[in-house]
Amino acid sequence: MSKFARIIGTGSYLPPGIVSNDDLSKTINTSDEWITTRTGIKQRHKVDKETTCDLAEIASKNALDMAGIDAKDLDLIILATTTPDKIFPATATMLQNAIGASCPAFDIQSVCAGFIFALTTAEQYIKTGMAKNVLVVGSETMSRIVDWKDRSTAILFGDGAGAVVLSGSEETGILHSSLFSDGSYVSSLQVNNNYINETGFIEMSGNEVFKIAVSRLSSLAEETLKKANMSSDDLDWMVPHQANIRIISAVAKRIKTPMSKVIVTLENQGNTSAASIPLALDTAIRDGRIKKGDNLLMEGIGGGFSWGGVLAQL
Ligand code: ACO
């Protein structure tokens, strides 16, 4: 049994297709100025023929490379996605085959909080001794469930994937994690299909989601730091879910963390749901901002509502 679960490698991938705010304003009644001011987003990536598994495969291989781990040495794969390629089998099993692993693999569906739910689950497998090396992936093709004629949602979402390799260690890693759900908000943010064989699109009460996101994520950050006997001064980085710059900056302000300590990637990527946190983490590790020994708080909220946070030392 390992004392800690540590992140030993990260990877990410964005499909090459890009849709800018100006592109969107040619087909719906919106503008670059409105989208930038209200959300902070300038562009998002969009798949052509690539699948959720294709994006996950490249992100996973990058994470395994950084970790120096062969896919055959994985004990478990957990893939968080809102946009699985099929109703079944789990996209995680297709990923297992694509990267040449042979371990158990399953999907987690917690929408934009999916990566946090997956990371926390992986941590439990490691701490109980059921697994040593776990691949945790967030991969999304949100463009498939966006109504591109609906200006209230089409401006927000993007496609992409991020992955981490979590490994058992005696060295400090994840310090505290917590998960929450409140199913009384299902209709505030959902895909509007009634039956499993019916395709639907995202619909949401933007204002309500905004307020709940700020309040839940601020309380979560305060509670998490308290439980770890830390203050926001001890945090080197916040790596939040990338939904809206105004949500991110309101949470940072409430917990007295300057924006210089917050990783923001949404300008170029939009909201990639379960992929957004590992995408932001990988970006900031590879560009040298996040270094070994840094304390990070990752947190996210999405449909359900479900939300959660992971405080970790890299
Ligand atoms: N372009 C131009 N005008 C628009 C657009 C658009 N794309 N969308 C809405 N408007 C108009 C509205 O019709 C409204 O016009 P009116 O005043 O004439 O009625 C006006 O702009 C203001 O609309 P609001 O909905 O009040 O705008 P708001 O400031 O709340 O911004 C937004 C909307 C960006 C959706 C915001 O509420 C938000 O980001 N909410 C969070 C939603 C979110 O992040 N969801 C992602 C999934 S959950 C998660 O990841 C946390």
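Predicted model: local features only at pLDDT ≥ 70, side-chain atom pairs only at ≥ 80, totals over all residues.

Me: Is Phe-180 buried, partly exposed or exposed?
Reply: Buried means a relative accessible area under 20%, exposed means over 50%, and partly exposed lies in between, with a 1.4 Å probe and protein chains only. The relative accessible area of Phe-180 is 37%.

Me: How is the ring pair of Phe-180 and Trp-307 classed?
Reply: Rings of Phe, Tyr and Trp (its six-membered ring) pair if their centres lie within 6.5 Å; planes under 30 degrees apart count as stacked, over 60 as edge-to-face and the rest as tilted. The ring centres of Phe-180 and Trp-307 are 5.6 Å apart, and their planes stand at 15°. The pair is therefore stacked.

Me: How many residues apart in sequence are the parts that this pair ties together?
Reply: Helices (H or I, at least four residues) and strands (E, at least two) are DSSP runs, numbered from the N terminus. Phe-180 belongs to strand β8 (residues 174-181), whereas Trp-307 belongs to strand β13 (residues 306-313). The pair thus ties together parts whose separation in sequence is 127 residues.

Me: Is Trp-307 buried or exposed?
Reply: The relative accessibility of Trp-307 is 9%. Because this is under 20%, Trp-307 counts as buried.

Me: How many aromatic pairs does the structure hold, and how is the pair of Phe-106 and Tyr-125 classed?
Reply: The structure holds three aromatic pairs. In the pair of Phe-106 and Tyr-125, the ring centres are 6.4 Å apart and the planes are at 45°, so this pair is tilted.

Me: Where do Phe-106 and Tyr-125 lie, and how many residues apart are they?
Reply: Phe-106 is in strand β5 (residues 105-108) and Tyr-125 in helix α5 (residues 114-127). Phe-106 is partly exposed at 26%, and Tyr-125 is partly exposed at 24%.

Me: Which residues come nearest to the ligand?
Reply: A residue is near a molecule if one of its heavy atoms lies within 4 Å of it. There are 21 residues around the ligand. Those that come nearest are Thr-30, Arg-38, Arg-151, His-241 and Asn-244.

Me: What is the distance between a polar side-chain atom of Asn-244 and an oxygen atom of the ligand?
Reply: A polar contact is a pair of N or O atoms within 3.5 Å. The side chain of Thr-30 has an N or O atom 2.7 Å from a nitrogen atom of the ligand, and that of Arg-151 has one 2.9 Å from an oxygen atom of the ligand. For Asn-244, the distance to a ligand oxygen atom is 2.6 Å.

Me: How much of the accessible area of the ligand does the protein cover?
Reply: Accessible areas come from the Shrake-Rupley method with a 1.4 Å probe. On its own, the ligand has 1,000 Å² of accessible area. The share that the protein covers is 73%.

Me: Which helix supplies the largest share of the shell around the ligand?
Reply: Both α2 (32-39) and α7 (206-227) supply at least two residues of the shell. Domain 1 (4-169) and domain 2 (174-313) each give at least three residues, with bounds from an automatic or database domain assignment. The largest share, four residues, comes from α7.

Me: What distance separates the C-alpha atoms of Thr-27 and Lys-149?
Reply: Thr-27 is in the loop between α1 (21-24) and α2, and Lys-149 is in the loop between β6 (133-141) and α6 (151-154). Thr-27 is exposed at 65%, and Lys-149 is exposed at 71%. The two residues are 122 residues apart along the chain, and their C-alpha atoms are separated by 7.5 Å.

Me: What is omega for the cis peptide bond that joins Gly-304 and Phe-305?
Reply: Phe-305 has its place in the loop between β12 (295-302) and β13. A cis peptide bond joins Gly-304 to this residue, and its omega is about -5°.

Notes:
Residues numbered from 1 in each chain as written. Heavy atoms only, no water. Polar contact = N/O pair within 3.5 Å; in protein donor to acceptor, adjacent residues only side chain to side chain.
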